[in-house]
Amino acid sequence: MTDDSYLSTNKSTDGLRRQPSQKRGKDRVEKILEAAAAVFDEVGYEAATTHQIAAKAGTAVGSLYQFFPDKASIFNTMELRHTERVKALWSQTDVLAIVSLPLRQMINLLVKAISQLFEHPVSRVMFIQFYTNRQVFQSIDESMTQEAINFLADILRHRNPLLNDLQLSLLSEVCVHSSNAVILSALRNPDLLRRQMLAQEIEDLLVAYLEPYVGAAVDKQHNVMKVMICPHCYSKQLSKNGQRRGKQCYLCKNCGKQFVETIG
């Protein structure tokens, strides 16, 4: 029986030439994708060939071509698989449950979920390639990073409703970009212990950075810590400067301008 017996004739919505309709065909596709991840990791995208990928997968190159017309289609399918896993992680996160936890426990859960995501070889290689060979990507771009920033901003907003949009945007952008830099270093390191240590450093980094803004647990009345920043230069170096009409006034030590406390 040929592989065609296991394939759907419907046009694929990803890089696949044909969609496998039975378990055997689906398993073979996943095996090819994981083999491709190993080959791309070893020699890079440009040097990799479909023959190398087929050999790594333990299948004939003709069988590979029944699913994928070329190397680019394999890579594109890997992109889509990674995107599916990331968006599943976001959608399955119970935001209301985690924001009520102590800050370190909340960050620990998020870091663990991300670490588990990158245990999959396809997601690991996609992340590395995005930062080292971005021009080969067809479906993943900077918008995915922005979605991650928005995801974290939503968590921080629930944890401290007094943070305004500018604060949420800045905090989330710093957290995502700094974490991605350390994650990249960890994923490229062959030493498992070293990768685990770097993951712990991400946790410590985020806890220390976010503590002044969302360190206090959110209770039913939202009694949370409030942190002000200058609306003119975004500095946090402020001093109280009297009150006006019952509202606290602040003086920015950085730009010298004054402003009145506002929320939201």
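User: What share of the contacts with a separation of 6 or more is between residues 24 or more positions apart?
Analyst: Keep in mind that this is a predicted model. The protein chain has 10 helices and five strands. Counting contacts with a separation of 6 or more, the part from residues 24 or more positions apart is 60%.

User: How much of the protein chain is buried?
Analyst: Buried here means under 20% relative accessible area. The chain has 264 residues, and the buried part of them is 44%.

User: Which residues have the most contacts inside the largest nonpolar core?
Analyst: That core holds 65 residues. Ile 53, for one, touches Ile 32, Ala 35, Ala 36, Val 39, Phe 40, Leu 64 and Ile 74, leaving aside residues up to four places away in sequence. The residues with the most contacts inside the core are Phe 40, Ile 53 and Met 78.

User: Which helix gives the most to the lining of the largest pocket?
Analyst: Several helices supply at least two lining residues each, among them helix 4 (71–92), helix 9 (165–187) and helix 10 (192–214). With eight residues, the one that gives the most is helix 6.

User: Which residues lie nearest the centre of that largest pocket?
Analyst: The pocket has about 1000 Å³ of space. Its lining counts 29 nonpolar, seven polar and five charged residues. Out of the 41 lining residues, those nearest the centre are Ile 114, Ser 115, Leu 117, Phe 118 and Ile 183.

User: And what part of the accessible surface belongs to carbon and sulfur atoms?
Analyst: The accessible surface of the protein chain comes to about 14200 Å². The part belonging to carbon and sulfur atoms is 52%.

Definitions and conventions:
Residues numbered from 1 in each chain as written. Predicted model: local features only at pLDDT ≥ 70, side-chain atom pairs only at ≥ 80, totals over all residues. Heavy atoms only, no water. 1 Å grid on protein atoms, 1.4 Å probe; cavity = no way out; pocket = protein on both sides within 12 Å on 5 of 7 lines; lining within 4 Å. Points joined across faces, edges and corners; volume = space filled by probe spheres on them. Helix = DSSP H or I, 4+ residues; strand = E, 2+ residues; numbered from the N terminus. Nonpolar A, V, L, I, M, F, W, Y, C, P; charged D, E, K, R; others polar. Core = buried A, V, L, I, M, F, W, Y, C linked by side-chain atoms within 4.5 Å. Buried < 20%, exposed > 50% of the residue type's maximum accessible area, 1.4 Å probe, protein only. Contact = heavy atoms within 4.5 Å. Areas by Shrake-Rupley, 256 points an atom, 1.4 Å probe, with all protein chains shown as cover.
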